[in-house]
2 protein chains.
Amino acid sequence: MEIKQYIEENRDRFLEELFELIRIPSISSETAHKEDMYRAAEKWKELLLNAGVDRAEVMETTGHPVVFAEKILDKQFPTVLVYGHMDVMPADPLDLWETDPFEPVVRDGKIWARGADDDKGQSFMHLKAFEYLLKNNQLRCNVKFLIEGEEEIGSEHLPEFCEKHKELLKGDVILVSDTSMLAPNVPSITTGLRGLAYWQVEVTGPNRDLHSGIYGGAVANPVNVLAQMIGSLIDDNGHITIPGFYDDVLEVSHEERALMAEAPFDEEEYKKAIGVKELQGEKGFTTPERTGIRPSFDVCGIWGGYTGEGAKTILPSKAYAKLSSRLVPNQDYNKIAQQFIDFFQSIAPKAVEVKVNTLHGGQAYVCPIDMPAYRAAEKAFLQTYGKRPVPVRSGGSIPIISAFEQILGMKSILMGFGLNSDAIHSPNENYPLEQFFKGIETISYFYEYFAQENK
Amino acid sequence: MEIKQYIEENRDRFLEELFELIRIPSISSETAHKEDMYRAAEKWKELLLNAGVDRAEVMETTGHPVVFAEKILDKQFPTVLVYGHMDVMPADPLDLWETDPFEPVVRDGKIWARGADDDKGQSFMHLKAFEYLLKNNQLRCNVKFLIEGEEEIGSEHLPEFCEKHKELLKGDVILVSDTSMLAPNVPSITTGLRGLAYWQVEVTGPNRDLHSGIYGGAVANPVNVLAQMIGSLIDDNGHITIPGFYDDVLEVSHEERALMAEAPFDEEEYKKAIGVKELQGEKGFTTPERTGIRPSFDVCGIWGGYTGEGAKTILPSKAYAKLSSRLVPNQDYNKIAQQFIDFFQSIAPKAVEVKVNTLHGGQAYVCPIDMPAYRAAEKAFLQTYGKRPVPVRSGGSIPIISAFEQILGMKSILMGFGLNSDAIHSPNENYPLEQFFKGIETISYFYEYFAQENK
């Protein structure tokens, strides 16, 4: 049976199985959802066993559990390690969702739910491509699955797990769908990922909220101070001011930048899609360069003082912020994390106390376009879409990808089927059915071409 | 009967009556407590009638109700208008309170509750001084009471009420206890109040929270932008940078500053009490000057993006802040409010949208130390404490005080018995019993001396 026919015949079952997975609110960052991580893992184990793996196990890490499964057909076959994650981002602000984030619905040809794309929807495609190939006796690769539960919080305990289980995870390439394509009709393969450093800072002024009249003007206000400190981290040219921050940045050649500029990009459409009048970023770089080859620095959250209704005239005791920096190849996140801490402490006035905690981080990654898995992926996309995929550098981070390379000595191939409009990490996350089904199709072709490349 | 004996004999009843008032959570800023404002007003009416006024009424305003009462003994007597407020600040953060904010307790010689000082405890002293004088046939003044419900939200509708009821409120002086003394053994009278302007700002970047990897570096982050904008409002010398902000500031002469410097002030004690290592403020001014005669600019609250547990990698859509400025005599709050709006809009990059709302405001106030009511208050303090009170400029604002002067043509005399350690507007607000009872005593003497001054 052809893959397209198999999808057609099993379409409703695929969706129902995916929805069962989505209904489990496996939010890795919130301790209240700890049990849901186990429920999601057990569900994955069940789905993998039903798809035909030899073995599937929920395995402990120091943090949330992982699911490992494998189908070893022949020692002579190349081995593909499929990586995905079962955890999702928090769904708040809940009031901005049009439907329940954990009760998936299909509307306008899309699945709407937290995790519909990132990464439940995308990782699920691998399960179904595998099921098809196995049931139709077309699989010429050994397949291993590694589904983790901490991707959205920096995969903190997965490197340790990989160190411990090197032999178990051994393979020829890691196959991942956790990225996006340029457009529904412009297939692309992500050849670069940005690294990430993430901090939480706490600024303490007086030991309690003070009356802003009685003390205002004489006592340092921690919110004013934090604002001033954050404000000083980026200069008028959009440069990050942390000393040494750019020292290791791999500068991209003019030729490569010219090549990158050929990828389709419509600035007006881009602005319209996110509802802004003007874009803003580092001077001397285009928008795709700013997210693809340059580091960034964003406040992900800030809070302090009175945030309720009306006016409360206080000089707050504390102010907090969550800060993150996206890094590019060669920037070491540990070094950057420390550079930030040192700098942030150095610019703190003595009238306040500043604490900085590094929450997580990861290295950037580059995938060479001449390796067998890349060529196999290229052919697979060509077969589905009739177009050669464009190699692109993504602004996002999957910190574990560079850790895999370091620990397991394996490169990853990032065949993502998401779209920019999927609103991952945002309210109303969605995933078009067309991407979902074409993804299953493309992945099934990948195995075929990858087996050929390895003959 | 002497006042001291009367207090001694009625001590428990006074406290129980006050506690009934405190138990009503009359938080004027929160719509959920709208009914509590009426409950508090009815309680005041009952207390005033029991104390012996001729009439007491709960009267409507465009906002929360006010209570008016009067005792007219003789047209030849001078008339004192007692002003107080029955509303309180919100009690959050609730987890920092050692006992329920709306269930008063006496511990370590203090009343602990929201409103224990500000202003339920302080305004209640007037009720009891009045009750004593009337019952003991010692009252030689006519007395009117005006207890409002919107002081903590800027007394928005009281000026309108005053305009409408000029005749009803007519008197010779307004008597208020809503300020502090320098120390338990250092009586003082507040001769100046700062004005206030209060704004809420909203900065909007993209139309939804974005993935900080995919967009970070290319799209203006509203929290980064807001931080930068707030950071630029105060320069390295502690000067507020809003153009024209200092134009109308009444500069205080070197002589007056020298006089002010004679008031007892222990910087080490001050720092210790609020738990800071260093003080920070406008260059060239002392701490009492910074709060007494100079304007200030504080962020009262800030929020935006992800503020939950762990790390969420977003580029937020919106950021908010509540900002306030304390003003000094001659600075017009309407003018300052507009100057800020104009400046804040002018420094906003085009990549974001900025909205500014003025929440409330009020003018600063100065009380001349040679008017009859001031002299009467001075003698009253001298009789209770054995010391002449120090005239001080307070950093706080009671916007309605300058409005009274403007509309009713009456000066106010600010006989406050609070202490800096009362933690008004903060968790664990408290009011020492000694201040409470000495306040009642001092106020009773005031009427005696004020009647003499007016003979």
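1. Relation of the chains. In this predicted model, chain B is superposed on chain A by a rotation of 180° with 0.1 Å of shift along its axis, and the RMSD is 0.1 Å. That relation is the one a two-fold axis gives. Both copies use the same surface, since 100% of the contact residues of chain B recur in chain A.

2. Extent of the domain interface. Contact between the two domains of chain A involves eleven residues of domain 1 and nine residues of domain 2. About 720 Å² is buried between domain 1 of chain A and domain 2 of chain A, with carbon and sulfur atoms giving 58% of this area. On the side of domain 1 of chain A, the residues that lose the most area to domain 2 are A:Ala364, A:Ser397 and A:Pro399; together they account for 55% of what that side buries.

3. Four residue pairs are in polar contact across the interface of domain 1 of chain A and domain 2 of chain A, counting pairs with both residues at pLDDT 80 or more. On the side of domain 1 of chain A that touches domain 2, five residues are nonpolar, four are polar and two are charged. The number of salt bridges between domain 1 of chain A and domain 2 of chain A is zero.

Definitions and conventions
Residues numbered from 1 in each chain as written. Chains lettered and ligands numbered in written order. Predicted model: local features only at pLDDT ≥ 70, side-chain atom pairs only at ≥ 80, totals over all residues. Heavy atoms only, no water. Contact = heavy atoms within 4.5 Å. Buried area = accessible area lost by both parts, 1.4 Å probe. Salt bridge = Lys/Arg side-chain N within 4 Å of Asp/Glu carboxyl O. Polar contact = N/O pair within 3.5 Å; in protein donor to acceptor, adjacent residues only side chain to side chain. Nonpolar A, V, L, I, M, F, W, Y, C, P; charged D, E, K, R; others polar. Least-squares fit on C-alpha atoms with pLDDT ≥ 70 in both.
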